[in-house]
Amino acid sequence: MTTRSASLPEPGMPIAAVATPVGVGALAVVRISGRGVFGIAGCIFKKKQNPAFRFSEAKGYTAHFGSVHDSEGLIDEVVALVLRAPNSFTMEDMVEFTCHGGPVVVQHLLKVLLDKGCRLAEPGEFTRRAFLNGRIDLLQAEAIGEMIHARSESAFRTAVTQMQGTLSLRLEAMREQLLRSCALLELELDFSEEDVEFQSRSELQQQLGVLQEELRRLVDSYQHGRIMKEGVATVIAGRPNAGKSTLLNTLLGEERSIVSHMPGTTRDYIEECFLYNKTMFRLTDTAGLREAEEEIEHEGVKRSYRKIAEADLIVYILDLTLDDYKDEVARILEFISEYRNARMIVAANKIDLASESPERIQELREATGCAVCGISAAKGEGLDALKELMNTMVAGLDKLHEASVLVTSLRHYEALRNASDALENARMLINSNSETELIAFELRSALDYVGEITGKVINEEILNTIFDQFCIGK
């Protein structure tokens, strides 16, 4: 059941917000939505060619050139776009003013709208109203936010697919099937004294098996969906002073991490994104791996290992100039054994300073079985080869299931996994000839978990978490 919390903002109350980024630009958009916005807009807008113009009489999807005024006089010349309910983004009456993009102009226009009866919109409130008014479901609302914040082509395409409702349709079909089964079981409970079976247990067992397999595929797609959305989690690891921070800075093309000859400069991990050949890498520069001498450094090393455990790709950087560089082989082999879920590259650093670099690199390849790339992080030598190797190592991670529906949100992943567990419980109960009421309870739980994803079941805390991440004008 869809519910609405009493503490949500009053539906329909006129709201206003700037829909374009803050700063100086050629143009800016200020939008208003809700009851009475045509009257509010009419109080400040004058159409030069038609002084008797009224927004309430204008057709939807029409643009009108004129000027806006406050109590002190002219603010700006604008174009006003009229959007009539229900054919607008929020499914309410809307007006969007396009004005010149100076911050002072925008603030004057926004202030006069607030003075005339609008209130400032909350973060994501326009999209929230679109959801509450039934234009989009919650999954599509989240996809809009993901599309806005997408930092790679794959993340953008995945968000667009979800915004179009592909995953929503699949989940809705699953909900309808669960609803039918729940209804039949509930009917049996109503006629419990007559010992009637409206839902064949063998058929139900088969149906739930098909649904559970579909849920499993969606759950399994999360790993790939996460990579497409967030990028390949790439950790640069190694001993202190191996050149980790220098490599990070060189890959990013900026001085993002402090570089020093003193060991242990990096006390905490630093994370930045790097795009190469349409693949986004989420680079993490970690503290040097060694026995820490003080509490802060110990915590930094501890966090390094935590990030390494979460990595999709590990770039282990090794200083070729060290006399005991061969001792690193044992640590590399340990990494390969312990972090089997991650792909691994050994970046043999300082090839410009080390003697017999080619021979040493070949020794590392043979001893570790890893992909090894010789580089000079300081001079940028071998960086193109390293980037290409990184790209090759993760090829397919962000392209797998490209034609399928992908789960990209941790919230969706957890809800789907809970729904799958509920179906598994229901199937076990059916096998043990358990009471109908117990089976129905598990099916209702699965139904609620799936409904939470699309917003058929509303949790105010979830709504606030989702829409607080939006900008105010969206």
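Two strands are taken to pair if DSSP finds at least two bridges between them. With that in place, let me turn to the structure, which is a predicted model.

I begin with strand S6, residues 94-101. Strand S2, residues 25-33, runs antiparallel to S6 and is joined to it by 8 bridges. Is S6 enclosed or open? Of its 8 residues, 6 are buried, so the strand is largely enclosed by the rest of the structure.

A further antiparallel pair is formed by S9, residues 270-276, and S10, residues 279-285, joined by 7 bridges. Cys 273 stands opposite Arg 282 of S10. The hairpin has 2 residues between its strands, and Asn 277 adopts a positive phi near 50°.

I move now to the nonpolar cores. The largest has 32 residues, and those touching the most other members are Leu 171, Leu 178, Leu 208, Leu 416, Leu 423 and Leu 443. Two or more residues come from each of the helices H6 (166-190), H7 (201-220), H14 (410-431) and H15 (436-454). Which of these gives the most? H14 does, with 9 residues. Leu 178 illustrates the packing: setting aside residues up to four places away in sequence, its contacts are Leu 208, Leu 211, Leu 423, Leu 443, Ala 446 and Leu 447. A second, separate core holds 27 residues, among them Phe 38, Ile 40, Ile 75 and Val 106.

Next, helix H11, residues 328-338. Glu 328, Val 329, Ile 332 and Phe 335 are buried in this helix. Viewed down the axis of H11, the buried residues fall within an arc of 120°, so they line one face of the helix. Ala 330 and Glu 338, on the other side of H11, are exposed.

Finally, I draw attention to Glu 146 in helix H4, residues 138-149. Is this residue buried or exposed? Its relative accessible area is 14%, and because buried means under 20%, Glu 146 counts as buried. The side chain of Glu 146 makes a polar contact of 3.3 Å with that of Lys 229. Apart from residues up to four places away in sequence, Glu 146 touches Ala 159, Gln 162, Lys 229, Thr 408 and Ser 409.

How values were computed: Residues are numbered from 1 along each chain as its sequence is written. This is a predicted model: local features need pLDDT of at least 70, side-chain atom pairs count only at pLDDT 80 or more; totals for chains, interfaces and linings use all residues. Side-chain values use heavy atoms; hydrogens and water are left out. Helices (H or I, at least four residues) and strands (E, at least two) are DSSP runs, numbered from the N terminus. Buried means under 20% relative accessible area, exposed over 50%, partly exposed in between (1.4 Å probe, protein chains only). A polar contact is a pair of N or O atoms within 3.5 Å; within protein, one must be able to donate a hydrogen and the other to accept it, and residues adjacent in sequence count only if both atoms are side-chain atoms. Contact means heavy atoms within 4.5 Å. A nonpolar core is a set of buried Ala, Val, Leu, Ile, Met, Phe, Trp, Tyr and Cys residues joined through side-chain atoms within 4.5 Å. The arc is that of the directions from the helix axis to the C-beta atoms.
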